[in-house]
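Let's take a walk through this protein together. Have a look at the picture first, and then we'll go through it part by part.

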Amino acid sequence: MSKVAIITGASSGIGAAAAKSFHAQGYSVVLAGRDADRLNDVAKSLIGAVTWTGDITASEACDQLVAFALSQFGRLDVLINCAGVIHRYTAEETTDDQWHNTMGVNLNAPFFLSRAAIPHMKQEGGVILNIASDWGLQGGQLAAAYCASKGGLVLMTRAMALDHAKDKIRINAICPGDVDTPMLKIESQQRGIDYDSAMIENNADSPTGRITLPDEVAALCVYLASDVAAQITGTAIPIDGGNTA
Ligand SMILES: NC(=O)c1ccc[n+]([C@@H]2O[C@H](COP(=O)([O-])OP(=O)(O)OC[C@H]3O[C@@H](n4cnc5c(N)ncnc54)[C@H](O)[C@@H]3O)[C@@H](O)[C@H]2O)c1
């Protein structure tokens with residue numbers, strides 16, 4: 001029986017790349033997101049993939065997503081908390097809605113989904129991967145809410161990993177630097193700067209001279225979910241061309 005992975009934020013960027021990579025590894029994949037059309041666009045080339053549409057900021061929705069995966073495939077092996085949002089403003093510019101949206105998607109949803117998934121992973125073990133950020137390890141300008149959410153996600157990862165190591169559930173955070181996804185377009189819009197100029201700046205800022213590709217983050221997810229990574233839990237691994245070095 002193939003292993004089963006839930007991937008949130010699967011309609012674009014890193015989540016879509018992870019869905020394709022896990023499918024290629026033989027996983028049954030559950031693609032979760034808010035937009036059914038965009039999810040179906042990703043899922044149509046992945047034979048056997050299923051989609052779930054909803055807003056994961058509500059704990060009830062997270063319970064439903066896990067129940068849906070179990071109803072479709074009867075088991076759950078991997079949860080990838082990839083959905084995320086960013087609002088590039090200072091604290092004084094950030095609205096209540098932007099703060100709550102950031103916490104809701106980036107921190108609350110990984111908590112609610114992990115809480116729902118863990119009981120179903122206890123028998124055979126499992127893996128939870130939280131897509132955090134290098135801005136969960138260090139501060140960034142115009143990102144107080146985002147850094148708070150991702151820093152919280154990194155420490156939540158470490159704490160949960162300690163609690164569930166004996167259950168054979170491994171929990172790790174992945175901390176990308178800039179990745180070539182729609183999120184960078186959103187950021188340049190929020191900062192009021194031209195996207196092409198932002199990309200030149202982002203590439204130049206990286207010690208390797210380029211930003212990271214979604215497939216490179218997906219490959220790290222596949223590795224961390226595999227049995228050869230059995231001793232890796234409670235970590236926060238940068239994938240950022242050396243930015244946090
Ligand atoms: N792109 C980068 O430079 C970068 C850097 C570090 C970390 N990250 C993190 O990587 C993850 C994936 O982002 P990405 O770069 O692929 O960008 P993206 O914008 O392509 O993906 C984010 C996804 O989250 C989904 N989402 C947002 N709110 C949601 C909600 N309420 N319910 C369900 N889904 C929701 C969006 O629809 C989208 O598909 C995010 O957690 C992001 O913070 C990205």
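## Around the ligand

The shell around the ligand takes at least three residues from each of two domains, domain 1 (4-177 + 215-239) and domain 2 (179-211); these bounds come from an automatic or database domain assignment. Keep in mind that this is a predicted model, where local features need pLDDT of at least 70, side-chain atom pairs count only at pLDDT 80 or more, and totals for chains, interfaces and linings use all residues. Residues are numbered from 1 along each chain as its sequence is written.

How many residues surround the ligand? There are 26, and the closest are Gly9, Gly13, Gly84, Thr181 and Met183. (A residue counts as near if its C-beta atom, placed from the backbone, lies within 6 Å of the molecule.) By class, the shell has 12 nonpolar, 11 polar and 3 charged residues. Here Ala, Val, Leu, Ile, Met, Phe, Trp, Tyr, Cys and Pro count as nonpolar, Asp, Glu, Lys and Arg as charged, and the others, Gly among them, as polar.

In total, the protein has 8 helices and 7 strands. Both are DSSP runs numbered from the N terminus: helices are H or I with at least four residues, strands E with at least two.

The 7 strands of the open sheet come in the order S3-S2-S1-S4-S5-S6-S7, with parallel pairing; two strands pair if DSSP finds at least two bridges between them. At the edges sit strand S3 (50-53) and strand S7 (236-239), each pairing on one side only. From one strand to the next, the twist averages 20°. (Axes are lines fitted to C-alpha atoms, for helices over the stretch in contact, and angles run from 0 to 180 degrees between N-to-C directions.)

H1 packs on this sheet, touching strand S1 (4-8), S2, strand S4 (78-81) and strand S5 (126-131), and its direction makes about 170° with that of S1. Contact means C-beta atoms, placed from the backbone, within 7 Å. Helix H5 (residues 144-164) lies across S5, strand S6 (169-176) and S7, at about 165° to S6.

The centres of domain 1 and domain 2, taken over C-alpha atoms, are 23 Å apart. Where they meet, 10 residues of domain 1 are in contact with 10 residues of domain 2. On the domain 1 side, these are 5 nonpolar, 4 polar and 1 charged.

Technical notes:
Two residues are in contact if their C-beta atoms, placed from the backbone, lie within 7 Å.
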